[in-house]
Amino acid sequence: MAAEGCEEMSGNGVLEESSAMDVTEAPPPPPPPPPPPPEASEENGGAAVALEAPAGPDNYSAAPAAAAAAASEEGALPADFERLWKATQDNPQDFTSWTDLLQYCEHEGHVVASRRALEAFLVRYPLCYGYWKKFADLERRAGDNNKAEEVCIRGLQAIPLSVDLWIHYVNLLLGILDMNLPDSAGRIRSVFEKAVAACGLDFHSDRLWDLYMEWEKEQDNMRSAAAVLDRVLRVPTQLYSSHYEKLKEHLNSRPPKDVLSSEEYEELRASCRQSQKAERAEQAQEAEEERPPGEEEPATPEGADSEELMQKIRDQVLLRRDKVYKDNEDEVRKRWNYEDAIKRPYFHVRPLDRLQLRAWHTYLDWEIAELNRDTREPTPDQDPQDPNQESTEESEVTTRRQEASDDAAAAQGDYRVRILFERCLIACCLYEEFWTRYIQYLEPQSVEEARAVYRRACEVHLPNKPNIHMQWATFEERHGNLTEARRVLEALEKTVPGLAVVRIRRAALERRAGQLDQSEALLREAVAESKERPTLHAFYSIKLARLLHKVARNPDGARRVLQEALEISPDNDKLHLNLLDLESSGDPWASAEAVQECVARALAASLTPQVKLLLSQRGLQFTEEYSDSVRSVLSVYEAHQKLLDELGGTKRDAENGDEDPEKMSRTDDGSSAAAAAASHVAVATPAPPVMGADTSAQAGYGAYSSWYQPQYAGYGGYGNYGYQNTWNYNQGYYPPS
């Protein structure tokens with residue numbers, strides 16, 4: 001399938017393969033209920049696989065150097081190469097510009113240009129099997145078989161679930177190895193074994209198994225060919241029934257002695273001979289009764305196996321395999337609908353529709369549920385032992401065997417789940433949700449494997465997606481690897497500069513690690529670098545001021561930061577509000593004057609009427625709660641009443657609660673959230689009457705609390721900074737374990 005995907009993306013067909021690849025037969029009719037199987041296909045997949053380095057030159061057949069390739073290497077690059085190359089460098093995410101460059105290089109036939117383009121392209125899009133194949137063929141045509149093999153190995157390390165790429169690698173070795181050398185056949189066989197270990201459980205791996213079997217037959221290794229068919233008979237694949245038919249044909253066309261292993265053949269031969277003797281004895285007894293007197297029993301040959309005996313052995317072999325085939329057929333039935341729902345199992349830059357994403361999630365859910373069911377529920381033939389029954393040596397042996405069998409089944413189920421995840425991450429490699437799900441599956445089993453998947457996701461496929469990078473950093477911090485967590489966040493900030501959330505995460509990481517000076521330095525650096533962007537500068541200044549005030553216990557330093565920020569952004573309401581919160585949180589008697597100065601500065605700025613009212617209300621509340629003179633309270637209240645009169649209709653809107661619901665729902669920090677919560681608490685006690693004071697003013701003062709608190713909730717949030725879903729706690733900050 002990867003080949004199909006790459007052809008579709010590039011618009012070019014892949015190069016012709018050797019005839020050894022054409023081993024797929026027409027799919028036999030599947031048993032009901034599954035629908036008829038579609039045309040055979042294959043896919044690629046993810047984790048790295050260890051392959052041998054290319055063999056030395058002594059193990060290769062001679063390959064003449066291509067004169068045209070040498071000439072092109074000496075010459076200059078094609079005329080339009082630099083223009084097309086620049087387009088890919090200006091916008092590396094534009095897949096079309098890459099395919100235009102690759103098509104141009106292929107059309108020009110320039111080895112150096114093609115090699116340079118393919119190297120850069122495959123670093124960014126390593127799941128495109130078709131281009132790994134083109135690259136290997138390019139090197140082979142250039143006369144460098146070593147490089148051709150190296151390209152195949154690199155491709156298989158990037159995408160070891162690619163059935164097509166394994167087949168292409170085998171065909172490459174068949175074309176360049178000298179099969180007369182004693183090690184060549186062993187080399188091919190070892191590659192086949194690595195291939196079936198890497199992708200043999202893929203539902204579409206039939207072509208690889210068929211090629212392996214046919215190659216063993218070409219080597220006149222009939223027993224090995226039968227062993228390959230025996231192995232694939234236990235794998236649920238799309239063309240599973242064709243493998244059983246091939247096994248029957250292979251067994252019936254040759255003597256069992258040449259097909260079966262010596263142990264199985266001797267076992268079946270002895271069993272069938274004994275059965276045959278019993279049948280003959282019974283027949284002889286019947287014949288003795290009917291034989292004329294004096295006639296002797298005819299002698300039977302004891303040396304060579306008769307055709308009847310060989311047929312009995314074949315029947316016993318098929319009887320054993322038939323149970324395996326039926327069990328495998330059940331596994332195919334279970335998976336058929338899930339496989340049929342997947343319409344694009346190959347990589348493509350175009351987004352997948354929701355149905356396809358749901359199909360992958362559903363398939364993964366089912367496979368994981370099957371693993372959990374198999375590991376928890378006893379099999380039908382498993383008879384639980386009575387706890388009151390005395391343990392015997394035989395029962396202990398049986399228990400150990402059962403445990404070993406259960407462990408093997410669990411390991412096999414786990415491997416199937418991993419293969420399915422790797423297949424999914426070919427088609428869905430641009431979706432963070434599947435990487436995160438795979439990591440959640442792996443982490444309880446192996447932290448290192450989970451870390452390897454994070455590295456593959458962030459460094460290869462999703463270098464510009466911040467969420468999964470921040471999940472990786474949190475993962476490393478949770479497992480005590482602070483150095484790696486720092487490295488991940490620093491690399492992300494270099495790759496995607498300007499993200500405020502990344503700088504905040506870095507500062508928070510240092511604070512949690514006890515490096516308060518480093519946390520402060522990161523925020524000060526952000527404040528200094530953002531002076532040309534007033535809104536972002538105010539955001540960082542507020543964060544730095546909170547760190548100094550709440551954590552470092554340095555209110556003077558926090559005050560200086562906010563005051564300096566107000567010099568750059570005098571009309572930023574959040575700076576005024578945070579400065580007022582800072583002043584209000586100090587010693588009430590020492591802060592009274594500072595609070596009123598803060599309110600006066602805010603009222604002189606170009607702020608909205610709602611914000612001015614809010615600041616005036618906070619100043620009034622502070623005075624009411626902490627002033628030791630009622631005259632000062634009335635003085636502040638009269639100033640507040642005057643502000644209401646100046647703002648005209650704003651007072652009436654506030655009294656009626658006509659506040660923008662979107663603004664009311666925003667929260668920027670703990671203080672505003674607390675204020676929003678406090679909006680449900682009313683000030684119930686009006687001020688006592690004062691001799692000689694204006695009674696109307698006293699009445700107004702006593703009533704101000706009816707509308708004061710709701711205004712608290714108008715303090716806006718991160719949204720004004722364009723900082724949406726900032727911490728993303730539910731998705732990325734603390735991944736569920």
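## Cysteines

A disulfide is a pair of cysteine sulfur atoms within 2.5 Å. By this rule the count in this predicted model is zero disulfides. Cysteine 429 is in no disulfide, and the nearest cysteine sulfur, that of cysteine 428, lies 8.2 Å away. Cysteine 429 is buried at 1% relative accessibility, where buried means under 20% relative accessible area with a 1.4 Å probe and protein chains only. Cysteine 152 is also buried, with a relative accessible area of 1%.

## Glutamate 510

Glutamate 510 lies in helix H22 (residues 500-512); helices are DSSP runs of H or I with at least four residues, numbered from the N terminus. Glutamate 510 counts as buried because its relative accessibility is 7%.

The side chain of glutamate 510 makes a polar contact with the side chain of arginine 486 at 2.7 Å. Such a contact is a pair of N or O atoms within 3.5 Å; within protein, one must be able to donate a hydrogen and the other to accept it, and residues adjacent in sequence count only if both atoms are side-chain atoms.

## Helices H24 and H26

The axes of H24 (residues 534-551) and H26 (residues 573-584) come within 10 Å and cross at roughly 10°. H24 is therefore roughly parallel to H26, a term for angles under 35 degrees. Axes are lines fitted to C-alpha atoms, for helices over the stretch in contact, and angles run from 0 to 180 degrees between N-to-C directions.

## Basis of the model

Residues are numbered from 1 along each chain as its sequence is written, and side-chain values use heavy atoms, leaving out hydrogens and water. Local features need pLDDT of at least 70, side-chain atom pairs count only at pLDDT 80 or more, and totals for chains, interfaces and linings use all residues.

Definitions and conventions: Helices (H or I, at least four residues) and strands (E, at least two) are DSSP runs, numbered from the N terminus. Angles under 35 degrees count as roughly parallel, over 145 as roughly antiparallel, 65 to 115 as roughly perpendicular and the rest as oblique. Buried means under 20% relative accessible area, exposed over 50%, partly exposed in between (1.4 Å probe, protein chains only).
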